[in-house]
Each structure stands twice: as structure tokens, then as C-alpha cells.
Amino acid sequence: MSDPQTVPVPGRIMAAEMAEQPAVLQRILDEGAPKIREIAAGIAARNPRFVLLTARGTSDNAALYAKYLIEILLGKPAGLTSMSTTTAYGAKPDLTDVLVITVSQSGGSPDLVASTKAAREAGAITLAVTNNPDSPLAEVSEFHIDVLAGPEKALPATKTYTAELLALYLLVEGLRGGDGSAAKELPALAAGVLARQAEVRALAERYRFAQRLVITSRGYGYPTAREAALKLMETTYIPASPFSGADLLHGPLAMVDNVSPVIAIVPDGKGGEALQPVLDRLRGRGADLVVIGQQAQVDAASAGFALPPGVPEEVQPILEILPLQQLAYEVTIARGQDPDAPRALAKVTETH
């Protein structure tokens with residue numbers, strides 16, 4: 001017989017790493033912020049004309065968040081790159097005076113390294129944002145930001161995602177000469193959100209036998225919708241489709257009926273205001289609507305999780321994703337699976 005103390009507890013690693021997030025956020029504010037400000041000042045002095053963001057998977061959702069920050073707070077155009085144009089097709093765009101930010105947990109994927117190296121050779125200012133300062137990606141980049149999350153052992157990325165979000169927010173704040181004060185309460189607020197896991201466990205019962213999910217948001221909340229869908233798919237194996245609320249109305253709404261489970265991330269601000277017509281249409285179709293947002297929005301839905309009030313919209317995604325990480329964990333456990341060991345996944349995905 002196996003010793004009970006040696007039998008792995010399903011989800012133990014993921015649970016521990018989710019719980020670390022308040023401490024990681026505080027570490028970035030205390031130890032990482034001065035270095036990020038220094039790097040931001042050096043880049044700002046070179047006045048890049050626009051920004052390109054390169055990433056895969058979870059880090060791609062963090063990059064999308066940075067795209068919103070850059071366009072809204074900096075007023076600079078920003079785009080997400082298609083790495084295959086360089087790595088597969090050999091394209092050689094002129095990237096003189098362009099800031100290329102590559103976001104990667106491990107900094108080890110060959111296509112990220114190759115495209116960043118090519119961007120630097122094409123004249124770009126290159127910045128790597130990783131959880132590994134000794135990675136190949138950090139080595140080929142001109143600048144590097146360490147997100148200071150510590151070793152991440154669970155296959156589903158949790159603490160590295162919120163660490164990337166905060167590091168990117170502080171970078172954009174530094175580029176525009178801001179002080180990053182909107183982030184100072186995040187560690188304590190994150191601890192408060194994570195302490196309410198029993199509420200998330202109750203929500204998880206709605207999705208134990210779900211066949212598919214629709215997740216929607218707008219504005220700063222849209223990257224959260226994409227990351228939540230990714231977490232749910234890679235742990236629970238439930239097909240989860242993330243849509244911008246605007247895109248949902250352009251056709252996909254037709255697949256939503258009175259038994260369809262829909263999760264809406266409703267930012268407290270302009271993104272939430274833009275999402276209201278979508279929420280009205282979903283309620284009109286009788287969808288099982290769960291809201292992650294402010295208490296009034298939760299009260300108007302079938303169920304939900306109320307987020308702390310008064311948080312600036314540009315940093316709300318760092319809190320929004322927390323109950324959704326826990327939801328992925330709880331649904332996976334309820335379905336008799338192990339979120340620490342999703343099938344067919346590896347920690348470093350080596351795409352070319």
C-alpha cells in the first residue's frame with residue numbers, strides 16, 4: 001500500500017502558487033519597481049514611435065493587456081506580432097525606433113528568442129519581460145525586466161501572469177512619467193479576494209457538468225476573458241470561447257440560449273459601460289449569466305463574484321483574474337481531475 005503522506009494531493013501545487021500572488025505583487029512593488037522605472041526612463045529617452053508586443057499563451061494575454069495600457073495611457077499605437085512572419089517566412093521589417101516587448105514566463109521558446117533577435121537586428125529597441133533573468137530571451141534583448149514570481153512548478157501559470165501584468169503596468173507608468181500609485185493597494189486587495197475561495201467553490205458547481213462556456217468582456221477586461229478561457233480549457237478541458245463583447249454581438253450571440261453558461265468580466269469604468277448592451281442582450285436570451293465585477297452587476301446576474309470597489313480600471317485585471325483562476329481549479333477538482341497535471345502540456349512550449 002502507498003503511504004498516504006506520499007500520495008500527491010490533486011491541485012496542491014497550483015493552489016500553493018495561487019496563494020503566493022499577494023506576496024509576489026508586494027515583491028514587485030518593493031524590489032522590482034525601482035529597476036522598472038530605470039528601464040522605462042532609458043526607453044522613454046529614445047522616444048519609440050510605436051510598440052510591438054510578442055508572446056505566446058498566457059503571456060500573450062498579458063501582452064494584450066499591455067497593448068490597452070500603451071494605447072490608452074501613452075497614446076502610442078501598439079500591435080501584437082505574428083512571429084511566423086519572421087521565423088517561418090523570413091520577413092525583414094524596418095523596426096528602427098520601434099519598441100519590441102517580448103513577454104515570456106520562461107524566456108526559453110525558440111520562436112520568441114529568434115523573433116526578438118531578428119527585431120534587434122532590424123533596429124528595434126528590445127525589452128524582455130520574463131520570470132527568468134538567465135534565459136536565452138533575456139540574453140538576446142537589450143533590456144530585461146524580471147517579474148520576480150519565483151519558480152513556478154504548476155503547469156497552469158497563475159502567479160507569473162499577475163506578476164507580468166503588474167510589471168507591464170509599472171513599465172507603462174514609467175514610460176509616461178507616472179508614479180504607479182494605482183497599484184499600491186493591490187497586494188492587500190488580492191489577499192482579500194483569494195481568501196473568498198469558498199464563494200468560488202460554490203460557483204464551480206454550476207460548471208461541473210458544463211459542455212462549453214462563453215466568456216466575455218470589453219476594454220481592460222478582455223485580456224482577462226481570454227486568460228480565464230485558457231485556464232479553464234487547459235485544466236478542466238471544457239471548451240471555453242472568449243469574446244470581446246462587441247464581437248459577441250456580431251454573430252456568436254446566436255449560439256447562446258437559455259441554458260448557455262456565460263461568464264462576463266465587467267470592469268468598473270468605461271469597459272463595463274461599453275459591455276452593458278451585451279449584458280442586456282444576454283439576459284434577454286435567458287443565458288445563465290455569472291458576473292465578475294461590482295456588487296450591483298453581480299446582483300443583476302444569475303450569480304457572480306463581487307470585486308473590491310474603488311480600484312482604478314487600468315489595474316483591475318490583476319484582481320479580476322484571481323477568482324477565475326480559482327474557478328478553473330475548483331471545477332477541475334470537482335470533475336475528478338488534477339489541475340497540476342493537465343494532459344498533453346509541458347512547462348516550456350518550444351514552438352519555432
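**Loops and strands in a predicted model**

Author: D97 is found in the loop between helix 4 (84–87) and strand 3, and the model in which we look at this residue is a predicted one.

Reader: Why is D97 called partly exposed?

Author: The relative accessible area of D97 is 39%; since buried means under 20% and exposed means over 50%, with partly exposed in between, D97 is therefore partly exposed.

Reader: What is the phi of D97?

Author: D97 has a positive phi of about 65°, although this residue is not a glycine. L148, in the loop between strand 5 and helix 7 (159–175), also has a positive phi, near 60°, and is a residue other than glycine.

Reader: How do you know that strand 1 and strand 3 pair?

Author: Two strands pair if at least two bridges are found between them, and strand 1 (residues 50–55) and strand 3 (residues 98–104) have six, in the parallel sense, so the two strands count as paired. For F50, the bridge partner in strand 3 is V98.

Reader: What makes strand 2 and strand 5 stand at the edges of the sheet?

Author: The open sheet has five strands in the order 2-1-3-4-5, with parallel pairing. Strand 2 (78–80) and strand 5 (143–146) each have a single partner strand, so one side of each is left without a neighbour in the sheet. From one strand to the next, the twist averages 20°.

Reader: Which strands does helix 3 lie across?

Author: Helix 3 (residues 57–74) lies across strand 1, strand 2 and strand 3, and runs at about 165° to strand 1, whereas helix 2 (residues 21–44) lies across strand 3, strand 4 (125–130) and strand 5, at about 155° to strand 5.

Note on methods
Residues numbered from 1 in each chain as written. Predicted model: local features only at pLDDT ≥ 70, side-chain atom pairs only at ≥ 80, totals over all residues. Heavy atoms only, no water. Helix = DSSP H or I, 4+ residues; strand = E, 2+ residues; numbered from the N terminus. Axes fitted to C-alpha atoms, helices over the stretch in contact; angles between N-to-C directions. Contact = heavy atoms within 4.5 Å. Buried < 20%, exposed > 50% of the residue type's maximum accessible area, 1.4 Å probe, protein only.
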